[in-house]
Amino acid sequence: MIFLDRSDRAPDKLLITAPQMCNLAPMLNWDDLRIFVAVADTGSLTAASRRLGVDHATVGRRLASLEAELGVRLVDRLPKGTPLTDVGAEFAELARSMADAAERLQRRARDASTSLSGTVTISAPPVLASHFIAGSLGSLRERYPGLAVSLSGDVGLVSLEQRQADIAVRLVRPDHLSHIARAIGAVHLGLYAAPLMAAMPPTDWTFIGYDAALAHVPHHHWFERYAGDRAVVMRSSDVNSQIAAARSGLGVAMLPRFMAAPDPELVPVDPDATPPVRTIWLVTHADIRKSPAVRAVADHLITLFAKAPAFAPD
């Protein structure tokens with residue numbers, strides 16, 4: 001067990017510097033440190049488990065193991081969260097520095113690798129992940145048998161710094177200095193409804209809109225202005241649910257054209273309406289942009305979108 005010295009004059013002060021922390025590194029479990037940083041960043045065991053994709057009980061057990069190893073209490077276990085203790089706040093700052101350094105080493109090693117093998121993680125909006133990208137991975141596998149892909153459909157933005165993804169396909173342009181971004185296409189939106197709804201006077205239309213999860217995006221604001229005083233009878237950020245509701249005749253929905261246009265149960269309405277076009281960005285971290293495996297998958301995605309007329313930029 002490691003006991004950290006404290007000063008009699010400052011009993012709540014953790015007396016350990018970054019170099020000393022590095023000396024402790026061989027005795028500490030890196031996974032425990034990673035889990036502690038996630039708990040410190042999110043404020044709860046549950047949120048940390050979601051971020052890391054591990055079981056809630058595992059997070060609690062590894063955190064307790066780290067506290068036992070250090071001989072200090074890092075968090076207060078309260079019913080509605082796990083706030084850091086004073087010692088925990090100091091330790092978190094040092095642990096983040098160590099975690100950042102470890103992640104930089106991993107990215108540099110990945111960048112230096114010459115192997116076209118291993119797993120490349122892709123994060124993409126759920127609609128693009130399930131309805132477009134997933135169906136193309138067979139050809140990628142045929143070309144590079146040593147490669148595996150982990151494809152995640154994410155509504156939010158994952159962290160490339162924390163290796164939550166190697167490649168992110170996003171509908172917002174990144175502003176992080178360490179990110180390399182390239183526009184690879186566009187999602188075009190249109191208004192669609194079941195034939196019976198489309199045949200009604202526009203003043204009688206009802207609408208299927210977005211819920212609070214997407215309230216910040218430009219096309220949500222456009223849609224709300226377009227609907228105006230007419231009733232929004234359903235809200236959902238799941239495009240598949242919107243399509244099912246529109247097919248049932250519930251209302252008019254603003255849908256990606258690449259999904260709605262081929263659907264025999266939907267018809268376009270008000271073709272002169274011009275919802276915002278969403279640019280598709282392919283984003284990688286600068287430290288791994290030269291990795292052959294990451295480059296191969298990135299090139300596959302660039303070519304995939306470039307060859308699809310539905311995603312051609314205006």
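**Ground rules.** I am working with a predicted model, where local features need pLDDT of at least 70, side-chain atom pairs count only at pLDDT 80 or more, and totals for chains, interfaces and linings use all residues. Residues are numbered from 1 along each chain as its sequence is written, and side-chain values use heavy atoms, with hydrogens and water left out.

**Helix α9.** I looked up helix α9, residues 218–227; helices here are DSSP runs of H or I with at least four residues, strands are runs of E with at least two, and both are numbered from the N terminus. Its buried residues are His219, His220, Trp222, Phe223, Tyr226 and Ala227. Buried means under 20% relative accessible area (1.4 Å probe, protein chains only). Down the axis of α9, these residues fall within an arc of 160° (taken from the directions from the helix axis to the C-beta atoms), so they line one face of the helix. After α9 I found Gly228, with a positive phi near 60°.

**The sheet.** I traced an open, mixed sheet of 5 strands in the order β7-β6-β8-β5-β9. Two strands pair if DSSP finds at least two bridges between them. β5 and β8 pair in the antiparallel sense over 4 bridges, and Leu189 has Pro256 in β8 as its bridge partner.

**The cores.** Which residues have the most contacts inside the largest nonpolar core? They are Leu191, Leu301 and Phe311, in a core of 57 residues. Such a core is a set of buried Ala, Val, Leu, Ile, Met, Phe, Trp, Tyr and Cys residues joined through side-chain atoms within 4.5 Å. Helix α12 gives the most to this core, with 9 residues.

Methods. Buried < 20%, exposed > 50% of the residue type's maximum accessible area, 1.4 Å probe, protein only.
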